[in-house]
Structures are given as structure tokens and as C-alpha cells.
Amino acid sequence: MPIFITPARLQALAVVLCLPACTEEVAMSETRVAAANKAAVLRLFDEVLNGGRDHVLPELIAAEFVNTNTGIAGPEGMASGARFLRTTFEAPRFVVEDAMAEGDRVAVRWKLLGRHVGPFRGAPPSGEAVVMPAMSMYRMVEGKIAESWVQSGPLQPGGAS
């Protein structure tokens, strides 16, 4: 008895035959996207926060970016925030201690080291070397940072600048 293969049966067969390979391909694609997202966030720390190269922000920050803690928006808002930190802390260093990515999210545990030379969170400048531990979560859209949430601890004495 002949077997009739309709277009619907052919499509179903193709899906079944491709499933293991397609699943692996999708997983590899998701891994590559997560790695690219993590790399973009690490560039923010390395090139912008530590390197002062604010001109790369349009490559890293989406036009619709918003920091949910401060309300700063867009690449210009991020540049303003980075300049504030670089003037509030003399020779600041942002040290990434852990970074993880999955899907459209990147999580970073970091600390800021520097000499406290400007007002910060209502405290006058102490002139002392400080460290501030923090964690950030970033939401990525098409390889750019679209949203951030930051939780940071208090300034603590001892962060060598």
C-alpha cells in the first residue's frame, strides 16, 4: 500500500528529524547571545567606568536605556552618571568580581575603590580611600544595555585608590 506524504506530514517529519540538531543549534545561539551580552556589560566597566571612554556608550547603551535606581536615561544619562562618579571619587576603579549572563540578563558583582572627594549620598567628602560593594542586573536588547538595577552597600574605609 503506497504511503502518501502530504506537505503537512513532510513538515512534521522534518521537525522530528531536525529536533536534536535544531535544539543544539538554538542552545548554541543562546549561549553566543549571552556571551555577547556579558561582553558588552564588561566593556561598560572596562572602557567607560575605568577608562573614561564615554564616546563608546552609544555602542553599549540603548537609546531607551533607563537606570531604575536613578532615573538616568539613554547613553547621555549614563555618561553623566559616569562623570559624576569619576569626580566624586578620585582615581576610581571599578573591579568586577563576578559576572554571569543568561538570556537577556547580565548580573555583575563589583566594587568601587577610590578616594572620596565629592559629596555622595548626602555625605560630605571624607578625603579617605573607600570601597563600595555593589551588584547590578542589566537587561539587554539587541546587544545593548536597555535597563539596569543597582544595589550598593555603604562606603567603607580602606579601598586603596
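This tour visits a hairpin, several salt bridges and a pocket in a predicted model.

**The hairpin.** Begin by selecting strand E2, residues 89–102, and strand E3, residues 105–116; the two run antiparallel and are joined by 11 bridges. Between E2 and E3 lie 2 residues, and Gly103 in the turn has a positive phi of about 60 degrees. Next, select Asp98 and its bridge partner in E3, Arg109.

Glu97 is partly exposed at 33% relative accessibility, and Lys111 is partly exposed at 26%.

**Two further salt bridges.** Select Arg86 and Asp54, whose side chains meet in a salt bridge at 2.8 Å, N to O. Arg86 belongs to helix H3, whereas Asp54 lies in the loop between H1 and helix H2, 32 residues apart. Asp54 counts as buried because its relative accessibility, 17%, is under 20%. Then select Arg139 and Glu147, another salt bridge, with the closest N and O atoms 2.8 Å apart. Here Arg139 is partly exposed at 23%, while Glu147 is buried at 16%.

**The largest pocket.** Finally, select Asn67, Thr70, Gly81, Leu85 and Val150, which lie nearest the centre of the largest pocket among its 24 lining residues. The space in this pocket is about 500 Å³. Helix H3 supplies the largest share of the lining, 6 residues. By type, the lining comprises 15 nonpolar, 8 polar and 1 charged residues.

How values were computed:
Residues are numbered from 1 along each chain as its sequence is written. This is a predicted model: local features need pLDDT of at least 70, side-chain atom pairs count only at pLDDT 80 or more; totals for chains, interfaces and linings use all residues. Side-chain values use heavy atoms; hydrogens and water are left out. Two strands pair if DSSP finds at least two bridges between them. Helices (H or I, at least four residues) and strands (E, at least two) are DSSP runs, numbered from the N terminus. On a 1 Å grid over the protein atoms alone, a cavity is a set of points where a 1.4 Å probe fits but cannot get out, and a pocket is an open set with protein on both sides within 12 Å along at least five of seven lines; lining residues have an atom within 4 Å of a point. Grid points are joined across faces, edges and corners, and a volume is the space filled by probe spheres set on the points. Ala, Val, Leu, Ile, Met, Phe, Trp, Tyr, Cys and Pro count as nonpolar, Asp, Glu, Lys and Arg as charged, and the others, Gly among them, as polar. A salt bridge is a side-chain nitrogen of Lys or Arg within 4 Å of a carboxyl oxygen of Asp or Glu. Buried means under 20% relative accessible area, exposed over 50%, partly exposed in between (1.4 Å probe, protein chains only).
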